[in-house]
Amino acid sequence: MAQTGNFKSPARMSSLGEGAAPASAGAVTGGKPREEGLNGVDFERRGFLHKIVGGVGAVVAVSALYPVVRYIIPPEKKVKVVNELTVGKASEVPAGSGKIYQFNADKVIVVNHGGTLTAVSAVCTHLGCLVHWEEAANELACPCHGAKYKQTGEIISGPQPKALKQYKAKIDGDSIVVSIA
Ligand code: FES
């Protein structure tokens, strides 16, 4: 049968004797003062565990950040430098047109003006935009700030400080070959 009633009633307390007291009304029997309780703690082990947790956290952080950093700063592409390169088909640059090709680390524009084939860097010496060939004006034009160059790369007008770098271009069979000038 379930027991009911006030367990701390004076009648019950007196039946338990003078020394009996509610458990919540004083020091816990057998308990240690706080200072004594810390004596048994192994601080070296705790420090070691903190280091392990810190190390694991660092490894996780590095492995999470590494791909992000590699994405933001991609590795430098190693460009094989050659003196001469077949860049495309002759049919790709008909008379009156120009086409940009990759040559070593540079972008080169091959222009066919009335059968005269030339190749110069397509990178504007002002701020690096790519120039294009304008057949009607007989010039290379930069769309960014209006620089104008001759087919051979010399400056006509504009803010650019230098002429375009010159290369050589020739037709070999049905291919266009660009080489260092
Ligand atoms: S980048 Fe060509 S004119 Fe400025």
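A residue is called buried under 20% relative accessible area, exposed over 50%, and partly exposed in between, computed with a 1.4 Å probe on protein chains only. By that scale Lys89, a stop on this tour, is partly exposed, with a relative accessible area of 43%.

The model is predicted: local features need pLDDT of at least 70 and side-chain atom pairs count only at pLDDT 80 or more, whereas totals for chains, interfaces and linings use all residues. Residues are numbered from 1 along each chain as its sequence is written, and side-chain values use heavy atoms, with hydrogens and water left out.

**The whole chain**

Begin with a cartoon of the entire protein. Three helices and ten strands are present; both are DSSP runs numbered from the N terminus, helices being H or I with at least four residues and strands being E with at least two. Along the sequence the pattern is α-α-α-β-β-β-β-β-β-β-β-β-β. Colouring by accessibility shows 23% of the 181 residues as buried. The accessible surface, from the Shrake-Rupley method with a 1.4 Å probe, where for residues only the protein chains shown count as cover, is about 12,900 Å². Carbon and sulfur atoms own 59% of that surface. If contacts (heavy atoms within 4.5 Å) with a separation of 6 or more are listed, 39% join residues 24 or more positions apart.

Val69 is partly exposed, with a relative accessible area of 43%. Then show Leu65, Val68, Val69, Tyr71, Ile72 and Ile73, which make a nonpolar surface patch of about 670 Å². Such patches consist of residues with over 30% relative accessible area and no salt bridge; nonpolar side chains (Val, Leu, Ile, Met, Phe, Trp, Tyr) are joined within 5 Å, and like charges within 9 Å.

Next, display the open sheet whose six strands have the order 1-10-9-4-3-2, with antiparallel pairing. Strand 1 and strand 2 (97-103) stand at the edges with a single partner strand each, so one side of each has no neighbour in the sheet. From one strand to the next the twist averages 30 degrees; the axes are lines fitted to C-alpha atoms, and angles run from 0 to 180 degrees between N-to-C directions. Strands count as paired if DSSP finds at least two bridges between them.

**Strand 10 and its two partners**

Select residues 175-180. Five of the six residues of strand 10 are buried, so this strand is largely enclosed by the rest of the structure. On one side, strand 1 (residues 84-89) runs antiparallel to strand 10 and is joined to it by five bridges. Thr86 stands opposite Val177, and Gly88 has Ile176 as its bridge partner. Strand 9 (residues 166-172) also pairs with strand 10 in the antiparallel sense, over six bridges.

Move to strand 4 (residues 116-121), which is mostly covered, with five of its six residues buried. Six bridges link strand 4 to strand 3 (residues 106-113) in the antiparallel sense, and His113 stands opposite Thr116. The hairpin of strand 3 and strand 4 has two residues between the strands, and Gly114 there takes a positive phi near 60 degrees. The antiparallel pairing of strand 4 with strand 9 covers two bridges, with Val120 opposite Gln166.

**The salt bridges**

Side chains of opposite charge can pair when their charged atoms come close. The structure holds two salt bridges, each defined by a side-chain nitrogen of Lys or Arg within 4 Å of a carboxyl oxygen of Asp or Glu.

Select Lys89 and Asp174, whose closest N and O atoms are 3.9 Å apart. Lys89 lies in strand 1 and Asp174 in the loop between strand 9 and strand 10, so this pair ties together parts that are 85 residues apart in sequence. Asp174 is partly exposed, with a relative accessible area of 47%.

Finally, select Glu139 and Lys148, a salt bridge with closest N and O atoms 3.5 Å apart. Glu139 counts as buried at 12% relative accessibility, whereas Lys148 counts as partly exposed at 24%.
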